Amino acid sequence: MTKNASPKVSIIIPVYNVEIYIKDCIESLVNQTLRDIELIFVDDCGNDNSMAIVEKYAKKDNRIKIVRHTKNSGLSASRNTGIEHSSAPYIMFCDSDDSYDKQMCREMLNNNNIRFTETPGASFQDMGFKPKTMIASKRFIYIPDVVLHYRKHANNSNKNNAKVFAVCDVHDDADKWFAENVGNDFRAKKILNMSRFANYIWNLRRLSGDARKQFKKRFVSDMRAQMKSKEIEYNYMDSRQRVKLKHLCMNSRFAVLSYIMHMGLLLIYKTRIHNGHTVSYLFHKFPVSKRQGF
């Protein structure tokens, strides 16, 4: 991209104490096949040599823009800062410990007042950001290629039980955004709610002990509220997801039987009169394909 050309895509990269990863990240971005891009590195006041490495690349590539915070503000705030300094019609994000495939940069958007939720420890913001962009988009396309290389390490948010309700926070923020920017699109609201359900299931699976019990109460409360308001679209769920929802939220005989069937045994409920008393029992008729529970 020439110095006076307008970029087609702004890529925002928050930087905080990632000197062992940042070079791989930068190399993957400056070598994109789409050349008309700007790379916005947001200095979030780390204490290592990450920004020195960025500055070295910036001297050789005029597409690199550096924005500095005056104090450490976190990943979400850094992304929001990058949005404010972007100049392209489309925006993409890359964490500084991750990298892009060379073909990654094509099209994204920068409209509809979409921002990341600033959760503690920068937890799970993509879970709220993704449905916002999908609902706001005139069209979107899934591609079968792996173009983002996600790095897993000991400090990943998805391994931290302390962030029990961060998933709830990002979806609450998505609901607020929806009310302010979309309005009465009932079908889109059901899509947003389906995203909440799927991410709640994921969160429940990763938690254990008291954290799991605490989150399960919130899960049940939120899902029952959506069911009461008829904002759950069962047609968007597969049979396993419907069973999970009923098992969690309904204190009914049908829910228990459905879950038992889901776990791999078809049990038949029967009631008989024995010595003047009504006797109800379950018996195993035949096995069905076994599936893992949650």
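This is a predicted model: local features need pLDDT of at least 70, side-chain atom pairs count only at pLDDT 80 or more; totals for chains, interfaces and linings use all residues.
Residues are numbered from 1 along each chain as its sequence is written, and side-chain values use heavy atoms, leaving out hydrogens and water. Local features need pLDDT of at least 70 and side-chain atom pairs count only at pLDDT 80 or more, while totals for chains, interfaces and linings use all residues.

Start with the whole chain. Its secondary structure comes to nine helices and eight strands. Helices are DSSP runs of H or I with at least four residues, strands are runs of E with at least two, and both are numbered from the N terminus. The chain has 294 residues, and 44% of them are buried. Buried means under 20% relative accessible area, exposed means over 50%, and partly exposed lies in between, with a 1.4 Å probe and protein chains only. Take the contacts with a separation of 6 or more: 70% of these join residues 24 or more positions apart. A contact means heavy atoms within 4.5 Å.

Now turn to α5, residues 166-181. Its 16 residues should span 22 Å at 1.5 Å a residue, and the end C-alpha atoms are 23 Å apart, which agrees. The expected span is 1.5 Å times one less than the number of residues. The buried residues of α5 include Ala166, Val170, Ala174 and Phe178. Val167, His171 and Trp177 are also among them. An α-helix has 3.6 residues a turn, so residues three or four places apart point the same way. The buried residues of α5 pack against α4 (125-136), α6 and α7. After α5 comes Gly183, with a positive phi near 95 degrees.

Next comes α6 itself, residues 186-206. What angle do α4 and α6 make? They pack at about 160 degrees, with their axes 10 Å apart. Axes are lines fitted to C-alpha atoms, for helices over the stretch in contact, and angles run from 0 to 180 degrees between N-to-C directions. The two helices are therefore roughly antiparallel. Angles over 145 degrees count as roughly antiparallel, under 35 as roughly parallel, 65 to 115 as roughly perpendicular and the rest as oblique. The crossing of α4 and α6 is right-handed. A crossing is right-handed if the near helix is turned clockwise from the far one by less than a right angle, and left-handed if anticlockwise. Met127, Pro131 and Ile135 in α4 meet Ala188, Leu192, Ser195, Asn199 and Trp202 in α6. By class, this contact has six nonpolar, two polar and no charged residues. Ala, Val, Leu, Ile, Met, Phe, Trp, Tyr, Cys and Pro count as nonpolar, Asp, Glu, Lys and Arg as charged, and the others, Gly among them, as polar.

Helix α6 also meets α7, residues 209-228. Their axes come within 10 Å and cross at roughly 165 degrees. These helices, too, are therefore roughly antiparallel, but α6 passes α7 in a left-handed crossing. The α6 side includes Phe197, Tyr200 and Arg205, and the α7 side includes Phe215, Phe219 and Asp222. The residues of this contact divide into seven nonpolar, three polar and six charged.

Finally, look at Lys190 in α6. Is this lysine buried or exposed? At 16% relative accessibility, Lys190 counts as buried. Beyond neighbours within four places in sequence, Lys190 contacts Lys230, Glu231, Glu233 and Tyr236. Tyr236 sits in the loop between α7 and α8 (239-249). Tyr236 is partly exposed, at 32% relative accessible area. The C-alpha atoms of Tyr236 and Lys190 are 8.8 Å apart, across 46 residues of chain.
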